[in-house]
Structures are given as structure tokens and as C-alpha cells.
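Here is my notebook for today's look at a new structure.

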Amino acid sequence: MIDFNNTQIAFAGKSNKGLKRAHWLFRTIASPTIVAIGNFFAHNALKLHIPVAWIVKPTLYRQFVGGETIEDCIPAVRELEKFNVKAILDYSVEGGKAEADFEAVLKETLRTIDHAAGDPNVPISVFKPTAFAPSHIFERASAGQDLNEEELAGVESFRKRVNILCEHAAKKDVPIMIDAEDVHYQAIIDRVTLEMMEQYNQKKAIVFNTYQMYRTDRLEVLKKDFELAKKKEFFLGAKFVRGAYMERERRRAEKMGYPSPIHPDKPSTDRDYNAALTFSIANIDRISIFNGTHNEKSCHHLMELMQKAGLAKDDPRIWTSQLYGMSDHISFNMADAGYNIVKYMPYGPVKSVLPYLLRRAEENTSIAGQTGRELSLIKTELKRRKQDRIEDRG
Ligand SMILES: Cc1cc2nc3c(=O)[nH]c(=O)nc-3n(C[C@H](O)[C@H](O)[C@H](O)COP(=O)(O)OP(=O)(O)OC[C@H]3O[C@@H](n4cnc5c(N)ncnc54)[C@H](O)[C@@H]3O)c2cc1C
């Protein structure tokens, strides 16, 4: 089994200066107080139109974002390529409200598909569905209530935009991931995505839905979708993540008085995540897997399943992915061993990617969790390099 503690491979792409910068950043965001102050400052600065780029760009942005444009990301993509790590360019603009915003994101996402079609190190594309309609449309349509004319038109525009993207991805033979969002937006996204899979996944999985395994219902939904795929003879594209919005899902459920849709504890989420991988490998002839996680045990679980099933490490139906700037020890060690590894690389103007960056900062605000792991690995590598230099001189 792969040793994720091999820091020499994990950080082969990082200079000493880059490592020290990452060390400083992860140490800073490990402090809940600093993150809370930063969050407060960022939200108010945006509202008051106070510039934030001067502080965000050399810190969080530099660690977690590829650049402002596709072209800006290219040096980072080429750097990853040297280590057999691929990239997905993720235009991370959130929270648009007007038709012009949705059309602009559509145009840019089409450009990412075109770019992927011409760059072998960018094998997959992605989009965030809520970038294509106002949030109340997702909420109303997902609640299954009767829709008025404006809402029906909103759903239809959303469906049309998703269709344009999936059709283009199919034409260019570039798989496309559809991100998962808040539970109260998701039903309409699932419905449209299944429709797209039925249409474009006739020969292989081009369109992928995202299953947030922190939800109590997703394992059953995966199995139901698989039955549908079997019956209607299409391939199921399944991107698995644990889920990014746990706190606000729980808060909303409590506030509105419905049972929380999220598992009661972490072991239940982990159990369902790994069960989804087991189920998908058992049905690999019909399900393509995108393992989106920073969890070492889940990655080991997937590798073991693949080995037992006699599947090649680079089976084109199986991908593992981490976010750019996070868990390089998993990405680089798995890529070095020959697995299909791809980094989710967000890009966009500072103001637009700020919500994404604040989520990353919050996610890393736990010394016991992800940050502790990142920090200790970076420290080990800095120490190892220092030792090497001493030996070289000696
Ligand atoms: C490539 C990629 C794509 C992504 N796309 C999406 C997406 O489309 N939609 C989305 O929502 N997220 C997405 N994410 C973010 C992802 O959900 C978080 O990075 C992920 O939740 C962190 O979990 P982990 O699997 O890395 O591992 P871990 O660090 O082992 O797990 C942490 C996660 O476990 C869950 N958890 C923690 N504590 C509890 C608890 N007490 N009870 C129940 N569950 C708990 C939460 O989901 C938490 O985030 C993506 C991540 C990656 C790497």
C-alpha cells in the first residue's frame, strides 16, 4: 500500500520558499479566532467595496487558486504535469443574480471545456449548477411546489444552460462534473443531471452527478440511480464527496424544524462514503467513479477495492481528486504510484472566489484535523531537506 507519509514525493513540486509559505498559511488559518476575524472583515469589506486583494492574493488565493483566468492557470497545470498530476479548471464564480451573470459563467465554462479538449493534462471539466439560475428557483423547484410562470421559465433556462454544457462536453469528449450544493437546492439539480446522463452517457460516463455522502439518504439514492441507469441503459457518472455545508445544513434544519439531512456523526459519513465506493467498484461496468476526498482511509479503501477487483491503477473509469493546495501528500504519492489523479483548480477574480476561499479557511480551522496533518507533513519535509543539506555539506 502507498505510504502517504512520503513527504519527498508529496512536496517534490514545492520549493523551500513555497513550503515555508504554505507552513505559515496553514499555521495562521489553524486559529479559529483569526479565521473568524478574517471572515467578518472579508464579508464587510465586500459589502463596503473595500479592496481585499492586497491581503488575499499573496495568502489564501496563492495557495488555493490557479489564477484569475484560464491562461493564468497554465503554469500551475504544467508544474503538476511533471508529476503525473492532472487538473480540472473550475471557474469559481458564485452567487450571480441576473441573466447576464448566468450567461457570462456559461460562456466561460464553455471555454474551460474547449481548453480541456486541447490539453491532455486537463482531462475533465466542471461547473457549479447554482451559477446558472437565481437561488429561489432551485429552492422552489426542489421543494416540489406548484411553480408560477416566472419560476417555470427559470427552471427551463437552467435546464437549457446545463444541456448546452453537457452537449458541448459530449461533443468534445470531455467528462463534466456537476457539483452538489445545499440540500434544499439539490432535487432539481439531480433531476436535470439524471436527464443529461440518460442523454449523453450512452457509450460511457460523460456527465457526472455529485453524491454528498454526509447526507443520510445518498447511498440509497446512488443505488436507485444505478437501477435507473441499468434499466435505461446509460452509464452512471458518480462523483463522491463528503459534503462542504454541514454546519449550515444543520442550522437550517434546526431553525426550520425538520430532521437534519446530515448524518449524526463523522463515522456514519465515513461508513456511507466508503460503502458508496464499494458499491461502485462492484458495479464498475456501469458506474464511473470520481473519488473527491482528502481522507487517506477512503483512498486506501478505493485502492484495495481496485486491487481485489483486478483493476488497473489507471483504469479510465476511476479518478481520485483533491483540491488544489490541499493534501498534496495524497495526490502526489498516488500519482507517483500510477493512479489517475486530478486536482480541482479554482480560478476567477479575487472577489468572486472569496466565498470558496473562506470555506477552505474554515475547513482547515482545526488543528486536530486537516491542518494538523498538512502542518506536520510540511514540517517533516522541511526538516528532511535541512538534514539532506547538512549531509551534502558533510
Ligand atoms: C475534488 C473535490 C470536489 C468537491 N466537490 C464538492 C461538491 O461538489 N459539493 C460539496 O458539497 N463539497 C465538495 N467538495 C468538498 C468536500 O465536501 C469537502 O472537502 C469534504 O467534505 C472534506 O471531507 P474529506 O472527504 O476530504 O475528508 P474528511 O476530512 O475525513 O471529512 C470531513 C468531512 O466529513 C463530514 N463530517 C465531519 N464531521 C461530521 C459529523 N460530526 N457528522 C457528520 N459528518 C461529518 C463533513 O462533510 C466534513 O466536511 C469537494 C472536494 C473535493 C476534494
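How is the chain divided into domains? I found domain 1 (1-65 + 350-394) and domain 2 (67-347), with bounds from an automatic or database domain assignment.

Before going on, I noted that this is a predicted model, where local features need pLDDT of at least 70, side-chain atom pairs count only at pLDDT 80 or more, and totals for chains, interfaces and linings use all residues. Residues are numbered from 1 along each chain as its sequence is written, and side-chain values use heavy atoms, with hydrogens and water left out.

Entry: the two domains. I looked up their centres, taken over C-alpha atoms, and domain 1 and domain 2 are 25 Å apart. In their contact (heavy atoms within 4.5 Å) I find 30 residues from domain 1 and 32 residues from domain 2.

Entry: buried area. Domain 1 and domain 2 bury about 2,700 Å² between them, and carbon and sulfur atoms give 60% of that. Buried area is the accessible area (1.4 Å probe) that two parts lose on being put together, summed over both.

Entry: salt bridges. I counted two between domain 1 and domain 2; the term asks for a side-chain nitrogen of Lys or Arg within 4 Å of a carboxyl oxygen of Asp or Glu. I also looked up R373 and E296, whose side chains form a salt bridge at 2.4 Å, N to O.
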